[in-house]
Amino acid sequence: MHVSAAPARIERMPRLSPAAARRIALAAQGFGAPQPDVVNLGHLRRTMRRLAVVQLDSVNVFSRSHYLPFFSRLGAYDRGLLDRLTAHAPGRRKPELLEYWAHEASILSPEAYAQFGWRKRLVREQAWGSIRRFPSEHPEALASIRAQIADRGPLRSSELGYERAPREQREMWDWHLGKTGAEYLFWAGEVAAARRINFERHYDLVERVAPPELLVERPAADSHLELVRLAARALGVASEPDLRDYFRMSRAETASAIAALVGRGELEPVEVSGWRDPAYLHAEARRPRRIEASTLLTPFDNLVWFRPRTERLFGFHYRLEIYTPAEQRVHGYYVLPFLLGDELVARVDVKSDRRAGVLRAHRVGIEHGADPARVMAELEAAMERTAAWLGLGAVELPGTGPVLLGPR
């Protein structure tokens, strides 16, 4: 007698609600944990290891951006401690956190920095125009810059003997030959940023700045795998575009690494309600039922830097309007998202008036559905904490009150 086989059981992919995905993402980024009474170097190191990369940005209307992710997660700390981790003290110590082009210009954990040999090798393919062309267009200048840094480094680009163009000929970034050549060597991994003073890089030979174990040549595929592993841990739950964006990798590089990590059980495919793309849950991701947070975020915070993910997680449409003409701006010049609990509930256009000692909010926009009274009370307290950390003695909120934003 023939017995038909039992139908194969169809395994359903685990499903996460948007709220659960949001809390997982926040926990992975270091939000919701109790903040230490006193922040020390160990706290900064652990936060950097969690994030793997922190973006740099030159705008200083509020604060240098890279200081903020640590404050948002840990609370007030001595910014000199972070400077200590990122600066080379010749004869005494090498920086623990190094700069490179990762998610834009960034500081990196040692684990992440060690994985970028493949990008350094591709400088003549991936660097942008003037940097990529520099060896062929200015070979003598490149040789001179390389020799000067070797002989006299660390050096600022202004110390390399090349003058700026006349004002009417300057481009946006005002890069003379010395700066462009130094940036070529930086991208190629021949030099590193030994330190920054007034946000200006001081270039030195990479072997004098970076520990030798971080300069070991690694196969590109191995590094792609490790970078996606670091991104997945930092994001908690993420789509392929999220993982790809974290270190600005290609789709093919990211997809191959994801497949390998799924095969090893480090990532689990999941569905998140409302997400168009498949998602991947990190095997060690925490699943908190609640997140307690009340903090301002830099526009370049890892939590919000990939705007499509920000909109997916929080329903928060966010664009930086620095380069938008003033009359066309919707929310302001330098607008910080305000995180309360597990939601982005407001956006604040801020400026540190250092001469007057005041942290000014030019405009506050409260997101649709948020409780204005609660948001303003929490926001004022958060701004007072932020002002104290920045050494400002007062907070000034807009006299007209907040703007209540409508539904999108």
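**Close-up views of a predicted model**

**View 1. The end of helix α2.** Helix α2 is followed by A52, a residue with a positive phi near 75°. Helices here are DSSP runs of H or I with at least four residues, strands are runs of E with at least two, and both are numbered from the N terminus. Before we look further: this is a predicted model, in which local features need pLDDT of at least 70 and side-chain atom pairs count only at pLDDT 80 or more, while totals for chains, interfaces and linings use all residues. Residues are numbered from 1 along each chain as its sequence is written, and side-chain values use heavy atoms, leaving out hydrogens and water.

**View 2. The start of α2 and its buried residues.** At the N-terminal end, N40 caps α2, with a side-chain oxygen 2.9 Å from the backbone nitrogen of G42. Within α2 (residues 41-51), the buried residues are L41, G42, H43, L44, T47, M48 and L51. Buried means under 20% relative accessible area, using a 1.4 Å probe and protein chains only. Their cover includes β2 (53-55), α3 (68-74), α4 (79-86) and α12 (220-235); contact here means heavy atoms within 4.5 Å.

**View 3. Helix α2 meets helix α4.** The axes of these two helices come within 10 Å and cross at roughly 60°. Axes are lines fitted to C-alpha atoms, for helices over the stretch in contact, and angles run from 0 to 180 degrees between N-to-C directions. From α2, the residues making the contact are L41, L44 and R45; from α4, they are L81, L82, R84 and L85. Sorted by type, the contact has five nonpolar residues, two charged and no polar ones. Leu is counted as nonpolar and Arg as charged.

View 4. Strands β5 (residues 191-197) and β6 (residues 200-205) run antiparallel and are joined by six bridges. Strands count as paired if DSSP finds at least two bridges between them. Look for R195, which stands opposite H202 in β6. Two residues lie between the strands of this hairpin, and N198 has a positive phi near 55°.

**View 5. A four-stranded open sheet.** The strand order is β1-β8-β9-β7, with mixed pairing. Each of β1 (15-16) and β7 (237-239) stands at an edge with a single partner strand, so one side of each has no neighbour in the sheet. Three bridges link β7 to β9 (residues 279-282) in the antiparallel sense, and S239 stands opposite A279 in β9. Helix α12 packs on the sheet and touches β7, β8 (267-272) and β9, its direction making about 85° with that of β9.

Methods
Buried means under 20% relative accessible area, exposed over 50%, partly exposed in between (1.4 Å probe, protein chains only). A polar contact is a pair of N or O atoms within 3.5 Å; within protein, one must be able to donate a hydrogen and the other to accept it, and residues adjacent in sequence count only if both atoms are side-chain atoms.
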